[in-house]
Amino acid sequence: MLQLYFSPMACSLASRIALMEAGLDARYHLVHLGTKTVADDNSDFRGISSKGAVPVLVLANGERLTESAAVLQYIADLTPERGLAPPPGDPDRYRLQEWLSFVGTEIHKAFLFPTFWYKDDASLAKPRARIAQTLSVPAAHLTDREFLVGQRFTVADAHLTWALLLLRAAGVDVAQWPSLAAYLERMQARPAVREAIATEMALRKAITPSPA
Ligand SMILES: N[C@@H](CCC(=O)N[C@@H](CS)C(=O)NCC(=O)O)C(=O)O
């Protein structure tokens, strides 16, 4: 069985969404990113991946795959009938990779990562100055489209959905871009997406100490 190392509401949420949209069973291992420990047995997560970052997907043959763009495409290709990625060779496959890369670099690493890990204003000035321009790209693209690629939900949508949820948590009001707000609402109406988010929100609440 596939196994996913994840942290609640981290970028690994996109992989959980993909697994659920694919209808694939998996064992889920919660990772505490602050201490880099696996909740199951308190072991060092760096023993699973030297990168110390989620997602890590353990494949049926025991190999471990990291990097959201790779993990998401791997999951999509396990169930081609679900259409979670255009098939290899289809020109739209490159569009999918274009969006996975955009979300992973321009939104995640350029904005969300510094926002959640470096809280000081000096480090955040440049990311904050850039984010509106960055988000105008998917906002314009989604003005007359239901999904990022083609006519159906793909793993690129799973990735962007996660990023938009985190943007909200990072204080970016997605409502400034009506097409993005409507898109996020549409994505959250999907049963698999809704269930994945509810599961991770509950886990996050359970492990985050409530404010005194
Ligand atoms: N390039 C990786 C980035 C993964 C990543 O940064 N994951 C975050 C959670 S969203 C993490 O585990 N951070 C812990 C760390 O980097 O120490 C990907 O796209 O999967």
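V54 uses its backbone, with an N or O atom 2.9 Å from a nitrogen atom of the ligand.

The model is predicted, local features need pLDDT of at least 70, side-chain atom pairs count only at pLDDT 80 or more, and totals for chains, interfaces and linings use all residues. Residues are numbered from 1 along each chain as its sequence is written, and side-chain values use heavy atoms, leaving out hydrogens and water.

The shell around the ligand holds 14 residues, each with a heavy atom within 4 Å of the ligand. K36, V54, E67, S68 and K109 come nearest. Helix α3 (residues 91-117) gives the largest share, 4 residues; helices are DSSP runs (H or I) of at least four residues, and strands (E) of at least two. Domain 1 (2-83) and domain 2 (91-192) both contribute to the shell, so the ligand lies between them. These bounds come from an automatic or database domain assignment.

Two backbone features follow. V54 and P55 are joined by a cis peptide bond, with omega about 5°. P55 is in the loop between β4 (43-44) and β5 (56-58). M9, not a glycine, has a positive phi of about 70°. M9 is in the loop between β1 (2-6) and α1 (12-22). Most residues other than glycine have a negative phi, and most peptide bonds are trans.

How values were computed:
A polar contact is a pair of N or O atoms within 3.5 Å; within protein, one must be able to donate a hydrogen and the other to accept it, and residues adjacent in sequence count only if both atoms are side-chain atoms.
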